[in-house]
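Me: I want to learn how to read helix packing from coordinates. Can you take me through one case?

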Amino acid sequence: MSYLPTLRRAHKGAIVLDGSAAAHEQLRTLADLYREDPEGVGDMLIQIADLKDQAERERDLDGLGHAEHVRDDIVTELLNEIGGAEIYLDPRDNHHALMQARSLAHQARRIADAAQQRADELAVLTAVARGAREERRRPPVC
């Protein structure tokens, strides 16, 4: 089963695209995999953590090395084992597929509207802050 992300508002008008329903399902699947093969899954998780540290050290050396790519490959492999992160739409030509596509379009419009509203709010706040800065920079009138 796939779960579409939902749009919600957080504090101070910030918008959040919430994918926690899918994450919950993936964590449950990861727990099942761990129960089946604790050593193998545990080794993969430890390797991911170790490679993160190595990748950070390599970044300090002007990005030399391959740890980040190896880590990403392992994460992708593990993610694929727990169901992946892709959301497949129903390909059938029926009412269910139509409703799924409409629901996705509706959610996308809500996301776009909320993002545009937030961008407009930020533009106003930026303009006000810019005006205040320019006002402070002006020499006093004698």
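Reply: Start with handedness. A crossing is left-handed if the near helix is turned anticlockwise from the far one by less than a right angle, and right-handed if clockwise. Helices (H or I, at least four residues) and strands (E, at least two) are DSSP runs, numbered from the N terminus. Here helix 2 passes helix 3 in a left-handed crossing. This is a predicted model, where local features need pLDDT of at least 70, side-chain atom pairs count only at pLDDT 80 or more, and totals for chains, interfaces and linings use all residues. Residues are numbered from 1 along each chain as its sequence is written, and side-chain values use heavy atoms, with hydrogens and water left out.

Me: At what angle do helix 2 and helix 3 pack, and how far apart are their axes?

Reply: Two packed helices are described by the angle between their axes and the distance between the axes. Axes are lines fitted to C-alpha atoms, for helices over the stretch in contact, and angles run from 0 to 180 degrees between N-to-C directions. Helix 2 (residues 38-60) and helix 3 (residues 67-81) pack at about 155°, with axes 8 Å apart. Helix 2 and helix 3 are therefore roughly antiparallel. Angles under 35 degrees count as roughly parallel, over 145 as roughly antiparallel, 65 to 115 as roughly perpendicular and the rest as oblique.

Me: Which residues make the contact between helix 2 and helix 3?

Reply: Contact means heavy atoms within 4.5 Å. Helix 2 contributes residues including Met44, Ile48, Leu51 and Ala55. From helix 3 come Val70, Ile74 and Leu78, among others. The contact residues divide into 10 nonpolar, two polar and seven charged. Ala, Val, Leu, Ile, Met, Phe, Trp, Tyr, Cys and Pro count as nonpolar, Asp, Glu, Lys and Arg as charged, and the others, Gly among them, as polar.

Me: Which residues of helix 2 are buried?

Reply: Buried means under 20% relative accessible area, exposed over 50%, partly exposed in between (1.4 Å probe, protein chains only). In helix 2 the buried residues are Val41, Gly42, Met44, Ile48, Leu51, Ala55 and Glu58. Their cover includes helix 1 (20-36) and helix 3.

Me: How do helix 1 and helix 2 cross?

Reply: Their axes come within 5 Å and cross at roughly 125°. That makes helix 1 oblique to helix 2. The contact joins Leu30, Leu33, Tyr34, Arg35 and Glu36 of helix 1 to Pro38, Val41 and Gly42 of helix 2.
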